[in-house]
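Visitor: I am new to this structure. Could you show it to me and take my questions as they come?

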Amino acid sequence: TGFNVDKPFQDFFVDMDRNMSILEFGCNVGIKLEILKKMGFRNLTGVDINEKAIEIAKKRNPEIKFIHSTIDNLISKDNKYDLVFTSLVLIHQSPEKIITIISKIIELSKKYIFGYEYFSDQLTEIEYRGNTNVLWKQNFVELFQKNQPLLKLIKEKKYYYLKNELVDIGYLFKKDNFFGKKIIRFLKKNVHEIIAIDNDVKNSLPKSLNVKIIRNIILIKANL
């Protein structure tokens with residue numbers, strides 16, 4: 001690419017609170033978390049399905065918490081992080097699975113979502129180490145925004161390769177609760193049944209409402 005691997009993290013994390021809780025999904029041996037550790041971040045967690053990689057990561061950085069798990073097993077009310085990020089991981093998720101993964105990342109995050117991935121305006125498959133059906137580049141910013149319209153894009157930056165036409169993109173989202181609070185105020189006055197995006201929305205509503213959970217959609221049945 002022509003720049004150091006820590007450049008995107010310097011660009012996006014320089015002003016972040018060093019005490020915030022951070023989760024990397026698909027951490028492998030923990031190189032990116034090690035970069036954040038050197039930047040002064042203290043509350044770091046990495047998760048990966050590769051057990052051998054997690055063992056190596058624990059030996060390299062014993063002060064960082066590493067978990068051998070799938071993202072599904074992390075989903076609970078007790079496992080929420082101030083910031084959740086991926087780095088060159090979403091590109092390896094199949095087009096059939098990517099929306100599910102994005103939804104889980106959004107659910108795990110309390111405030112911020114950061115990503116660093118290959119970029120393309122259109123879904124494009126790339127041959128990877130002689131293999132097919134293992135890597136796709138696309139517009140991940142757009143995918144996140146379509147999945148959760150309340151995400152606010154704080155920053156994005158493209159990184160251009162010197163020796164080929166590949167382009168990487170870094171992006172930072174913030175969960176924007178301002179619009180959500182307006183909706184909740186309306187619901188308290190006008191609605192007796194709601195199908196909510198997730199537990200965060202559900203827990204913000206009065207217990208008198210009949211609340212059901214469904215991913216990605218808010219449907220409102222109002223007293224008209």
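**A first conversation**

Visitor: Is N133 buried or exposed?

Guide: N133 is exposed, its relative accessible area being 55%. The cut-offs are under 20% for buried and over 50% for exposed, with partly exposed in between, using a 1.4 Å probe and protein chains only. This is a predicted model, in which local features need pLDDT of at least 70 and side-chain atom pairs count only at pLDDT 80 or more, while totals for chains, interfaces and linings use all residues. Residues are numbered from 1 along each chain as its sequence is written, and side-chain values use heavy atoms, with hydrogens and water left out.

Visitor: Where does N133 lie?

Guide: N133 is in the loop between β6 (124-125) and β7 (136-137). Helices (H or I, at least four residues) and strands (E, at least two) are DSSP runs, numbered from the N terminus. The phi angle of N133 is near 65°, which is positive although the residue is not glycine.

Visitor: Which other residue has a positive phi, near 55°?

Guide: That residue is N28, again not a glycine. N28 sits in the loop between β1 and α2 and is partly exposed, at 40% relative accessible area.

Visitor: Let us step back. How many helices and strands does the protein have?

Guide: There are seven helices and twelve strands. The protein has 224 residues, and 46% of them count as buried.

Visitor: And what share of the contacts join residues at least 24 apart?

Guide: The share is 59%, taken among contacts between residues at least 6 apart in sequence. A contact here means heavy atoms within 4.5 Å.

Visitor: On to the helices. Which residues of α3 are buried?

Guide: In α3, which runs over residues 51-60, the buried residues are A53, I54 and A57. Viewed down the helix axis they fall within an arc of 100°, so they line one face of α3. The arc is that of the directions from the helix axis to the C-beta atoms. An α-helix has 3.6 residues a turn, so residues three or four places apart point the same way.

Visitor: What covers that face, and what is on the other side?

Guide: The cover over the buried residues of α3 includes β2 and β3 (65-68). On the other side of the helix, K52 and K59 are exposed.

Visitor: Why is α4 described as largely enclosed?

Guide: Eight of the eleven residues of α4 are buried, so the rest of the structure largely encloses this helix. Among the buried ones are I98, I101, S103 and K104. The elements covering them include β1, β4 (81-87), β5 (109-118), α5, β8 (151-160) and β9 (167-175).

Visitor: You mentioned β1. What does E24 touch?

Guide: E24 lies in β1 and is buried, with a relative accessible area of 1%. Setting aside residues up to four places away in sequence, E24 touches K32, L33, T45, G46, V47, F85 and S87. One of these, G46, is 22 residues from E24 along the sequence, yet their C-alpha atoms are 4.8 Å apart.

Visitor: And I49, is that buried or exposed?

Guide: I49 is exposed, at 60% relative accessibility, and belongs to the loop between β2 and α3. Apart from neighbours within four places in sequence, I49 is in contact with H68, S69 and T70.

Visitor: What about N139, buried or exposed?

Guide: N139 counts as buried, at 16% relative accessibility. Its place is the loop between β7 and α5 (140-147). Beyond neighbours within four places in sequence, N139 contacts F119, S120 and D121.

Visitor: Last topic: how much space lies in the largest pocket?

Guide: About 710 Å³. A pocket is an open set of points on a 1 Å grid over the protein atoms alone, where a 1.4 Å probe fits and protein lies on both sides within 12 Å along at least five of seven lines. Grid points are joined across faces, edges and corners, and the volume is the space filled by probe spheres set on the points.

Visitor: Which residues line it, nearest the centre?

Guide: The largest pocket has 30 lining residues, that is, residues with an atom within 4 Å of a point. G26, D48, L88, V89 and H92 lie nearest its centre. The largest share of the lining, three residues, comes from α4.
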